[in-house]
Amino acid sequence: MKLTGKKTAPYRYLAPTIILMIVFMVIPICMVIGYSFVDGAVVSQNPEFVGLENYKTIFADSEYIGAISNTIIFVVVSVVAHLVLGMLFAMLLNSKYFGTRTKTIARVVYILPWVFTASVVAILWKLMLQPSGIVNYLLSVFPQISQNTEWLSNRSIALGVICFINIWCGYPFYMISILAGLQGISGDLYESAAIDGSTATKSFLHITIPQLKPILISIAMLDFIWTLQSFNVIWMLTGGGPVNSTETLSIYIYKKAFQKVDYSMAATAATILLVVCIFIAIFYVKQQKKVRE
Amino acid sequence: MVGSYKKTTKVIVSILLVLGGLFSAFPIFWMICSSLKANSAIFAWPPKFFDKTASLSSYIAVLTDSSKVRYFINSYIVAVCVVLLTLFVGILAAYAFSRFDFPGKGIFNSLIVSVQAIPPIVLLIPYMGLIVAMRLFNTYFALILTYLITTLPYCILMMTGYFNTLSRELDEAVMIDGGSRWKALWSVLVPISIPGMVSVGMYTFMQAWNEYLFALALTQTNNMRTVPIGINLLMGQHGYDWSQMMAMSVLGSIPVLILFIFFQKYFIAGMSSGGVKG
Amino acid sequence: MKLSTILKKGLAVGLMGIMVASLAACGGKEEGKTDAKTDAKTEDGGSDSKSSDVTLKFQQWWGAELPEGYLDDICAKYEEETGVKVELLTAPWADTKTAITAGATNGTIADIISVDGAWLSEFVDMGVLTDVGAAGVDSSLASDIWKVDGKGYVVPVLNFAYPMYVNMDILKDSGVDAIPTTWTELRDACKKITVAGNSAFALNLGTTNANGIQNVFMGTGWGSGISLKDDSGAYKTKDNAGLASLAEMFKGLYDDGSLYPGMSTLEESEMTSNFAAGNCAFTVASAATMSQFTDINFEATTIPVKDDFKDKSGICYASWAVGISDSCENKEEAAKFINYLLGGMDGKDGSASAGLAATMSAFPNSTVAEPDYSKAPKQFQAYYDLYKENYVINEFIGLPNASDVMTSMTNDLTTYLEGDIDSATLLTNWQGYLDEAGK
């Protein structure tokens with residue numbers, strides 16, 4: 001009965017997960033990594049092994065470099081704004097100034113942006129940001145804005161607008177998680193701080209933030225990985241345009257894979273992304289270990 | 001003095017609450033307005049919230065179209081199965097991560113986080129190859145399996161965090177009474193973890209309900225399609241049916257919202273414990 | 001762990017398995033059909049086509065655009081006549097290419113697939129398509145068959161012409177008396193319209209689906225005999241004087257503020273919806289959109305031509321076209337269905353094709369179809385005469401890597417219009433993309 005022995009117990013609990021992950025994730029991922037070392041993967045009958053040639057090509061591609069910088073801006077702005085907004089709204093919903101009913105209604109209203117599929121989010125904002133859309137109409141009280149104001153098609157602000165929309169549809173995840181974290185902080189901490197004469201700002205900085213730190217790092221990490229891959233919203237809003245100004249890595253990869261049918265380059269870009277994320281994952285696991293100890 | 005200070009704070013906080021509400025709800029309100037308009041009125045200038053074309057005809061068109069109703073049913077079946085399976089498999093793994101120290105734990109843990117890092121677009125073709133080889137193409141099972149795998153990492157991370165907050169003495173008590181670990185997990189830990197399971201379940205449901213790319217590639221016939229595909233089918237080559245698209249999205253969001261309203265107490269509590277010690 | 005717990009664990013897993021298996025069974029019907037198809041092949045070795053076991057899968061996006069059930073009815077009728085079942089697989093238009101590519105690499109591709117002109121070359125390169133002539137498609141039924149290297153791969157069923165739509169109320173409101181027919185008149189009319197506070201001309205340069213470069217920009221060029229190719233048929237944009245004048249005309253419109261705002265992310269669907277709402281005076285869009293313009297007073301005409309141009313105009317077109325997949329096991333049956341779409345059972349009955357054409361305000365590619373446009377919008381009937389006087393052209397059909405090249409060309413055109421590069425650079429860049437794609 002060695003199989004049921006004590007040492008194998010954790011592996012038995014993990015078995016379904018490990019089997020699923022290896023068969024359906026690790027194998028395809030290895031195939032993708034394999035594609036990045038050949039030319040004409042998937043499409044060609046006899047792909048030719050080219051070693052690191054694809055990696056050399058991709059780093060020489062100015063479009064790729066542009067996509068990296070757009071991605072960094074997009075991800076950093078989104079993650080930071082998600083955190084700030086999520087925190088603000090969670091504090092609001094947690095404040096002692098409102099009754100239970102107000103809070104219940106507000107909670108439902110505040111998570112609304114989260115429940116729609118990405119293509120709908122894109123279509124909705126596209127409608128609103130049309131030159132003849134509601135946003136220009138409502139904002140036309142300002143003299144700078146008229147029926148001709150462009151949002152998504154202005155190269156200098158398009159990426160900002162995309163970030164805004166991504167922030168809009170992503171903050172509820174943070175809000176809910178932070179709200180939950182706030183419920184978990186013992187009221188005694190605040191009381192004793194108040195007795196010591198601490199101000200609201202001080203207790204926020206010295207109690208709330210440190211108490212929430214583990215959860216903040218966890219969700220920021222997950223959000224970082226998810227935002228890196230965010231594709232549908234950007235694709236349907238701008239298609240990476242105007243003139244590649246909103247082209248992130250996921251758009252770059254899609255264009256390579258399905259527009260140019262150059263699967264090898266798409267796989268190369270994806271593999272680089274994977275390597276970056278593995279470092280993040282290692283950092284994440286280490287940080288979790290620290291929290292536990 | 002203190003009283004008036006408190007009052008001002010309350011006013012400011014209330015204003016913030018309303019502004020925040022507008023920020024999140026206004027686009028949704030506009031979506032509902034659009035869904036009530038005739039398709040040609042959606043782009044009219046100046047835009048109006050409600051105009052003379054307002055009617056429920058888009059909703060009626062969606063609900064009386066048997067293939068669209070089928071999309072909703074498919075999405076329900078897939079999402080419910082994914083939630084149950086993800087929770088089952090995820091809880092087992094989370095239990096292992098939370099209660100045991102074993103060689104390879106760190107590796108498995110980072111594996112679970114980092115497999116999320118490959119963009120689904122690239123994974124699509126090799127993954128689809130597996131599904132076809134297993135003769136699962138164009139079945140519910142293909143979608144269920146896919147979403148199970150994509151939602152598992154989050155489920156495991158959150159449930160591990162949740163179990164970590166529960167004292168080990170709980171399961172030891174069961175085992176002292178002669179019970180097994182298996183019993184301790186399902187009869188003690190799981191019942192008190194319901195809030196955590198609800199929060200993970202909500203997330204999983206949402207992911208399964210809203211996923212598009214794999215649903216597009218892994219199903220082929222009309223009777224296997226899900227709601228997001230149905231919405232995109234309204235985006236034609238020569239024109240979009242904007243109002244029906246909006247109507248279908250509104251209808252699609254209702255089950256998620258009902259779930260949230262029903263479970264929100266649990267939801268908040270669940271996220272809390274899972275996250276804090278995460 | 002004890003034996004009893006293993007049993008319990010097994011039971012739980014088993015229950016899950018049963019649940020999942022039953023679901024898979026529900027979804028497994030389609031697989032059953034596929035098997036039936038394979039069996040059919042071995043059993044009836046191509047005897048008379050009344051065998052009821054053949055199922056053809058037909059991947060298209062048309063079903064979502066036609067009136068509900070229209071295409072199903074055609075297939076049902078075909079099954080009645082021949083016993084061959086045609087199963088419709090409908091995917092969203094924008095993702096049909098993705099779905100076909102993914103299906104082709106994994107062997108789940110349908111038997112008959114609809115192909116856009118921009119995908120033709122890639123699909124042929126990937127070996128997705130088979131020679132339709134060899135499969136048995138009757139070329140005498142089709143006015144045109146798309147060829148690559150001399151082999152016919154794709155048969156258009158319907159052709160959609162791209163007229164210029166004019167909102168007559170905006171023209172009147174802005175003091176423009178007649179529909180412009182030359183570039184100078186167009187530019188003057190646009191100026192007046194802009195001065196009167198209206199939006200003039202829509203050019204869609206969005207890159208989610210970069211087809212404005214084809215339909216509007218080159219559509220305007222083809223109207224005046226301007227071409228991407230030289231006399232030998234090679235792509236020649238560098239130092240192409242015609243293209244340079246075309247680019248400068250659009251630059252003029254842009255500089256006058258006459259182009260509809262938001263052009264660099266404008267997609268065809270939004271452009272037509274905006275025109276339908278009366279938001280702009282001129283737009284170039286598919287004839288199929290005409291039925292959406294119910295609330296405005298509009299005309300459909302050919303695009304204004306270069307001032308001294310007197311020849312026939314080239315009219316840009318797009319198609320609903322079909323090819324047979326290379327992995328199809330019943331290529332003959334598939335070809336028969338295509339023949340049926342074009343010429344009915346006997347090769348003389350163009351009613352299916354004519355019906356589709358009349359429903360979509362399109363022109364049939366079938367040589368035997370005589371569509372009855374009496375129920376089409378009256379603007380369409382007027383345009384039909386213009387269509388017959390001129391000819392259709394689309395130099396992007398069959399262009400290698402067309403989607404990618406069109407996106408790059410669009411990006412440069414936007415940069416040019418916004419004033420960051422000059423027209424010589426624009427055309428030199430285009431030459432680069434076209435040469436690179438041709439390799």
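Let me start with a definition: two residues are in contact if their C-beta atoms, placed from the backbone, lie within 7 Å. Hello everyone. What we have here is a predicted model, where local features need pLDDT of at least 70, side-chain atom pairs count only at pLDDT 80 or more, and totals for chains, interfaces and linings use all residues. Residues are numbered from 1 along each chain as its sequence is written, and chains are lettered from A and ligands numbered from 1 in the order in which they are written.

Let's begin with chain C and its sheet. Helices (H or I, at least four residues) and strands (E, at least two) are DSSP runs, numbered from the N terminus, and two strands pair if DSSP finds at least two bridges between them. Four strands of chain C form an open sheet with mixed pairing, in the order S7-S8-S6-S9. The edges belong to S7 (199-202) and S9 (298-301) of chain C; each has a single partner strand, so one side of each is left without a neighbour in the sheet. From one strand to the next, the twist averages 15°. S7(C) pairs with S8 (residues 280-284) of chain C in the parallel sense, over three bridges. Within that region, Ala202(C) has Thr283(C) in S8(C) as its bridge partner.

Now the helix on that sheet. H11(C) lies across S6 (164-167), S7 and S8 of chain C, and runs at about 140° to S8(C). For angles, axes are lines fitted to C-alpha atoms, for helices over the stretch in contact, and the values run from 0 to 180 degrees between N-to-C directions.

The contact involves 25 residues from chain C and 24 from chain A. H15(C) gives the most to the chain C side, six residues. And what classes do we find on that side? There are four nonpolar, 17 polar and four charged residues. In this scheme Ala, Val, Leu, Ile, Met, Phe, Trp, Tyr, Cys and Pro count as nonpolar, Asp, Glu, Lys and Arg as charged, and the others, Gly among them, as polar.

Next, chains A and B. Here 79 residues of chain B are in contact with 79 residues of chain A. The largest share of the chain B side, 17 residues, comes from H12(B). By class, that side has 57 nonpolar, 19 polar and three charged residues.

Chain B also meets chain C through helices. H5(B) and H4(C) pack with their axes 9 Å apart, at an angle of about 50°. From H5(B), the contact uses Leu124(B), Ile125(B), Met128(B), Gly129(B) and Val132(B), and from H4(C) it uses Ala102(C), Thr105(C) and Asn106(C). Those residues divide into five nonpolar, three polar and no charged.

Last stop, chain A. The axes of H3 (residues 62-94) and H9 (residues 200-228) of chain A come within 10 Å and cross at roughly 145°. Among the residues that meet there are Val75(A) and His82(A) in H3(A), and Asp223(A) and Phe224(A) in H9(A). By class, this contact has seven nonpolar, four polar and one charged residues. Thanks, all!
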